[in-house]
Amino acid sequence: ASLSFEGPVALRAASELRARGLLALVPADEAAAQDLLERAVEEGDLDAFAVDQTRRRAAEALLAEAVAAPEARYVLAGDAAPSSPAARQAARWLGRRWLSAAVEGARRRLGREDARRGLAFRDDAALVLDARLRARAAQVGLEAELVRAFERHAGDSVGAFLDALPPEAGGPGALLALGAAGVIRFGGRVGGGGSGFRLEAARARLDRVSAAVAVGDYFALLEVSREASAREVEAAHARLTAGLRRLALAALGLEHREGERQEALAVLDEARDVLLDARLRALYAEALEHGEPGG
């Protein structure tokens with residue numbers, strides 16, 4: 001059998017989503033399936049993270065079929081060292097897809113205990129990220145949404161990070177992969193007396209949110225795009241407010257910044273209410289276009 005690695009990934013993903021009752025129909029070809037998935041995400045009918053996971057499972061299945069096929073022809077490049085730019089690009093693309101699918105397949109099979117045995121962390125240890133995180137995550141094909149989840153939970157406990165992710169996200173496997181790569185490490189206990197790292201992380205979080213409040217852009221404050229769906233707005237609000245409320249300001253000697261926290265929580269509530277109301281959101285977006293951020 002001959003199998004292309006540029007096969008019907010979107011079509012397979014659409015078929016799986018239809019089987020799960022999330023799509024009403026499956027298009028006839030790959031291009032139409034790609035358009036349908038993108039449109040469903042843009043309109044808020046499908047979660048971007050779930051679609052990305054489904055597409056990656058489809059790519060993994062495609063690769064698995066190639067490996068398990070009784071007969072197969074593989075055309076990686078015409079020479080041992082591809083000479084043309086197109087051939088080199090194809091070889092790089094195939095290598096990334098293979099590695100990405102392998103990482104994804106392994107990650108979904110690893111649980112929290114597997115990661116704990118491999119990295120010897122405690123659930124209450126602080127999650128510390130290296131500046132190379134994004135580059136290394138891209139090398140192994142981790143989804144952008146999962147990388148953002150790591151960044152959102154920097155300074156939180158490892159347990160809180162893992163609890164916040166849906167099981168299908170493969171958080172423990174990603175934690176193990178990035179820990180082994182040296183781009184994450186574990187700091188002092190969160191809630192265990194207030195380490196210097198926790199103080200730094202709390203200050204950074206307050207500084208970031210306070211700066212966004214001062215700018216007055218509700219979209220930037222909630223860290224969502226101008227096209228964000230109602231579901232994305234709700235999720236961003238819940239995440240950001242929970243992160244602010246978790247900060248033990250008194251224990252960290254930051255009780256003088258309680259007023260900043262309360263102001264940020266109030267503005268976050270206001271931002272959510274405005275962006276969830278279609279009429280108010282349209283008026284607010286128009287004001288932003290004219291350089292008049294609300295507040």
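I sorted residues by class first: Ala, Val, Leu, Ile, Met, Phe, Trp, Tyr, Cys and Pro count as nonpolar, Asp, Glu, Lys and Arg as charged, and the others, Gly among them, as polar. This is a predicted model, where local features need pLDDT of at least 70, side-chain atom pairs count only at pLDDT 80 or more, and totals for chains, interfaces and linings use all residues. Numbering runs from 1 along each chain as its sequence is written, and side-chain values use heavy atoms, without hydrogens and water.

**Cavities.** I took a cavity as a set of points on a 1 Å grid over the protein atoms alone where a 1.4 Å probe fits but cannot get out, with lining residues having an atom within 4 Å of a point. My search of the whole structure gave 2 cavities of 30 Å³ or more. V41, G44, L46, D47, A48, S229, R231 and E232 line the largest cavity. By class, I have 3 nonpolar, 2 polar and 3 charged residues in that lining.

**Salt bridges.** I counted 17 in the structure, each a side-chain nitrogen of Lys or Arg within 4 Å of a carboxyl oxygen of Asp or Glu. One of them joins R112 and D123, at 2.9 Å from N to O.

Key
1 Å grid on protein atoms, 1.4 Å probe; cavity = no way out; pocket = protein on both sides within 12 Å on 5 of 7 lines; lining within 4 Å. Points joined across faces, edges and corners; volume = space filled by probe spheres on them.
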